[in-house]
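Reader: Please walk me through this model, one feature at a time.
Author: Gladly. Have the sequence and the model open as we go.

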Amino acid sequence: MNKEELIEVLRQFDEKRVEELPEKTRNIFYAIMKIADERDELERKRIEALEYIEGFYYPDERQLTHEFDGWNLAKLYDILNKGDNNE
């Protein structure tokens, strides 16, 4: 899709309801919504994992030496926590 086509698709999003969009544009809309839903689900799982790990220790104290399936939980916490900073 070239730049002009993308601009036209975005205009259609703004001007019409989803049901009124041409099929190609409607499919793009649904693909974007699916990606957004998957992103939201992954974010919920990331937060759940952080809360689980926080149940073992306070991250500021860095006293965790437990391992979970070979992962050091402090390191795993750091990896999961990067999502807050969009790193």
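**Reading the fold**

Author: Start with T25, which lies in helix α2. Helices here are DSSP runs of H or I of at least four residues, strands are runs of E of at least two, and both are numbered from the N terminus. This is a predicted model, where local features need pLDDT of at least 70 and side-chain atom pairs count only at pLDDT 80 or more, while totals for chains, interfaces and linings use all residues. Residues are numbered from 1 along each chain as its sequence is written, and side-chain values use heavy atoms, with hydrogens and water left out.

Reader: Is T25 buried or exposed?

Author: Buried means under 20% relative accessible area, exposed over 50%, and partly exposed in between, with a 1.4 Å probe and protein chains only. T25 has 5% relative accessibility, so T25 counts as buried.

Reader: Which residues does T25 touch, not counting residues up to four places away in sequence?

Author: Contact means heavy atoms within 4.5 Å. With that sequence limit, T25 touches V9, Q12 and F13.

Reader: At what angle do the axes of α1 and α2 cross?

Author: Axes are lines fitted to C-alpha atoms, for helices over the stretch in contact, and angles run from 0 to 180 degrees between N-to-C directions. The axes of α1 and α2 cross at roughly 80° and come within 10 Å. Angles under 35 degrees count as roughly parallel, over 145 as roughly antiparallel, 65 to 115 as roughly perpendicular and the rest as oblique. So α1 is roughly perpendicular to α2. On the α1 side, E5, V9, Q12 and F13 make the contact; on the α2 side, K24, T25, I28, F29 and I32 do.

Reader: How many aromatic pairs does the structure hold?

Author: A pair of aromatic rings is described by the distance of the centres and the angle of the planes. Rings of Phe, Tyr and Trp (its six-membered ring) pair if their centres lie within 6.5 Å; planes under 30 degrees apart count as stacked, over 60 as edge-to-face and the rest as tilted. The structure holds two such pairs. F13 and F29 have ring centres 5.8 Å apart and planes at 70°, so this pair is edge-to-face. The pair links distant parts of the chain: F13 sits in α1 (residues 3-15) and F29 in α2 (residues 23-54), 16 residues apart. F29 and Y30 have centres 5.7 Å apart and planes at 65°, so they too are edge-to-face. Ring pairs link F13, F29 and Y30 into a cluster.

Reader: What is the relative accessible area of F13?

Author: The value for F13 is 25%, which is partly exposed. F29 is partly exposed at 22%, and Y30 is partly exposed at 44%.

Reader: Which residues form the largest nonpolar core?

Author: In soluble globular proteins, nonpolar side chains tend to be buried together. A nonpolar core is a set of buried Ala, Val, Leu, Ile, Met, Phe, Trp, Tyr and Cys residues joined through side-chain atoms within 4.5 Å. The largest one here has six residues: L50, I53, L73, L76, Y77 and L80. α3 gives the most, with four residues.

Reader: What does L80 touch, not counting residues up to four places away in sequence?

Author: L80 touches R46, A49, L50 and I53 under that limit.

Reader: How do the elements of the chain run from the N terminus on?

Author: They run α-α-β-β-α. Of the 87 residues of the chain, 18% count as buried.
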